[in-house]
Amino acid sequence: MRASIVILLMISLLCSGCGGKEEEKSGASIQSSDHPSKKIMVIMVDSMTSDLINLGIEEGRTPAIAFLKEHGKVFDDFISPFPSMSVVIESSLITGVGPEEHHVPGLIWFNKDENRLVDYGSTIPRTFKLGTKQILEDGLKHLNNTHLNQELPTIYDEAKNKGLTTGSVNMLLYKGPIQHTLSIPPLVKHAIHTPSSITTKGPDLLAFGQLAKPDAIKNKNLPDHMYEQYGINDQYSTEVIQTLIQSGQQPDFLMTFLPDFDKEAHIHGPHDLEGFAKADYHLQTILNSYPSWEEAIDDTIFILLGDHSQVALKDKGEHTAIELEALLEPYSIANLLDEPTDGDLILANNHRMAYIHLATKNLTKQDIIDLLYDERIDQLAWADGEEIIVKQAESDAWLSYKKNGDLRDQYNQTWDITGDLSVLDLSIDKNSNSLDYGKYPDALEQLYSALKSQAGSLIITAKPGYTLKTEGAPVHYDGGEHGGLHEDDTKAALIVTGTDIYPDRHRIRDLKHYFLQLLNQKESLVE
């Protein structure tokens with residue numbers, strides 16, 4: 001999602017306020033609190049997986065990652081929220097909950113109260129049809145300040161309450177206790193007649209491309225021109241972190257995003273080592289900001305996180321794109337220029353999954369399910385009260401489940417399940433009443449949370465190799481794609497270096513709890 005005047009501003013990044021204290025204004029330089037413990041730096045590398053980590057080390061192309069792995073620990077099974085899109089993932093990362101609670105259900109979702117599709121910036125055609133001004137406001141104003149559940153404390157709120165300083169560099173989700181101003185570039189302001197600034201809330205230090213520059217970098221010449229995505233790029237993130245470290249202004253807890261590899265993976269496939277090696281170069285630069293790499297991990301706990309993986313798509317001749325509008329005939333889907341309810345159905349397409357809403361009262365979910373027999377479609381899922389029904393699209397196999405049953409999974413969640421376990425590749429040990437996941441890790445919670453977040457919807461997922469096609473949706477033939485339920489969409493990697501405290505649950509939504517464990521150590525040292 002990189003292009004158009006607004007996409008270059010912030011949509012390129014999306015391919016993808018609180019803690020009870022009085023509001024504070026940003027402005028002064030940020031210093032670490034006075035304590036002897038290590039600082040914490042979370043670096044999210046878009047689409048990083050354990051396969052890439054191993055390949056890069058084997059080929060000698062990723063020395064920074066090799067160093068962090070050698071001196072730390074790698075987890076190859078960290079599971080993303082569903083749908084596995086950046087805004088959903090980051091919302092769970094900073095709040096510790098799923099879409100049903102944090103209220104950001106997808107890159108694209110249907111806002112029933114406003115009768116419109118919310119799109120944080122998927123493609124140029126969709127941007128122009130839905131309105132560049134609306135998408136700009138959704139991405140820069142509403143995402144953090146109204147769409148994300150304002151009642152939930154984020155990791156930034158809780159760290160602030162502990163007396164610790166925090167920062168965010170190019171993260172999409174950054175809600176926190178401090179008021180900041182996003183400055184809209186003049187070219188964008190005049191092109192779409194938007195205000196010159198937007199007020200938002202975030203951590204102590206907020207760096208977001210050209211839009212938000214903390215004092216430490218205001219006089220630096222950074223890569224933030226229009227043709228450099230207004231600073232939403234790896235080099236910008238890296239130079240900001242380098243400046244913070246070298247000027248002694250690295251916060252106690254800092255999260256940053258390296259977004260560039262996602263684009264390479266979409267074009268060249270999920271195992272593109274050339275693109276991944278570029279991300280490692282930026283990691284080298286960050287480590288070089290310290291007197292030595294060894295001193296870097298003596299000073300700072302590094303948490304290197306992949307946000308999701310990517311499925312390798314088939315080429316153009318293999319019916320890679322599942323044309324949903326054709327499959328759903330004779331029912332109509334409103335054009336993007338119309339209101340969504342002008343059609344029979346509303347489609348919120350998140351690439352390898354989509355929410356389908358019924359806009360016509362006399363339609364039933366069964367009417368739609370009957371049309372979706374296709375060997376390229378994986379599952380169909382919907383809620384019936386508190387029960388979730390999941391069906392294989394190309395057969396009559398189904399299962400249903402509810403929360404709070406006798407079966408316990410590895411995340412300490414309990415379920416009551418009936419039907420064909422193969423629909424979600426589940427297995428049960430009757431002796432211990434334990435439930436194990438196969439190709440769809442944490443699928444029960446993921447589907448439950450997504451369906452509750454978009455009430456009344458039907459979810460459709462694509463099999464590996466395929467993606468869903470609707471008006472304005474991208475298709476990366478022979479490249480990579482994500483968004484779905486399969487492990488090839490949701491299984492990412494994590495490297496922890498500089499501490500012997502490790503996360504006990506391997507889901508991105510549980511990392512907030514892990515961060516708080518590390519921050520509690522710092523708080524105790526302050527006391």
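**Exercise 1: A helix and what follows**

In this predicted model, helix α3 is followed by Gly96, whose phi is positive, near 80°. Determine how many of the residues of helix α3 are buried.

Solution. Step one is to locate the helix: α3 spans residues 86-95. Step two is to apply the cut-off, since a residue counts as buried under 20% relative accessible area. Step three is to count: ten of the ten residues in α3 are buried, and the helix is thus mostly covered. Among them are Ser86, Val87, Glu90, Leu93 and Thr95.

**Exercise 2: A residue in helix α9**

Decide whether Thr238 is buried or exposed, and identify the side chain with which Thr238 makes a polar contact.

Solution. Thr238 belongs to helix α9, which covers residues 234-246. The relative accessible area of Thr238 is 2%, so this residue is buried. The side chain of Thr238 is joined to that of His282 by a polar contact of 3.4 Å.

**Exercise 3: A charged patch**

State which residues form the patch of negative charge on the surface, and which helix gives the most to it.

Solution. The patch consists of Glu70, Glu294, Glu295 and Asp298. Helix α12, residues 293-299, gives the most, with three residues. Glu70 is found in helix α2, residues 63-70. Exposed means over 50% relative accessible area. Glu70 has a relative accessibility of 64% and therefore counts as exposed.

How values were computed:
Residues are numbered from 1 along each chain as its sequence is written. This is a predicted model: local features need pLDDT of at least 70, side-chain atom pairs count only at pLDDT 80 or more; totals for chains, interfaces and linings use all residues. Side-chain values use heavy atoms; hydrogens and water are left out. Patches are made of residues with over 30% relative accessible area and no salt bridge: like charges are joined within 9 Å, nonpolar side chains (Val, Leu, Ile, Met, Phe, Trp, Tyr) within 5 Å. Accessible areas come from the Shrake-Rupley method with a 1.4 Å probe; for residues, only the protein chains shown count as cover. A salt bridge is a side-chain nitrogen of Lys or Arg within 4 Å of a carboxyl oxygen of Asp or Glu. Lys and Arg count as positive and Asp and Glu as negative; His and the chain ends are not counted. The place of a charge is taken as NZ of Lys, CZ of Arg, CG of Asp or CD of Glu. Helices (H or I, at least four residues) and strands (E, at least two) are DSSP runs, numbered from the N terminus. Buried means under 20% relative accessible area, exposed over 50%, partly exposed in between (1.4 Å probe, protein chains only). A polar contact is a pair of N or O atoms within 3.5 Å; within protein, one must be able to donate a hydrogen and the other to accept it, and residues adjacent in sequence count only if both atoms are side-chain atoms.
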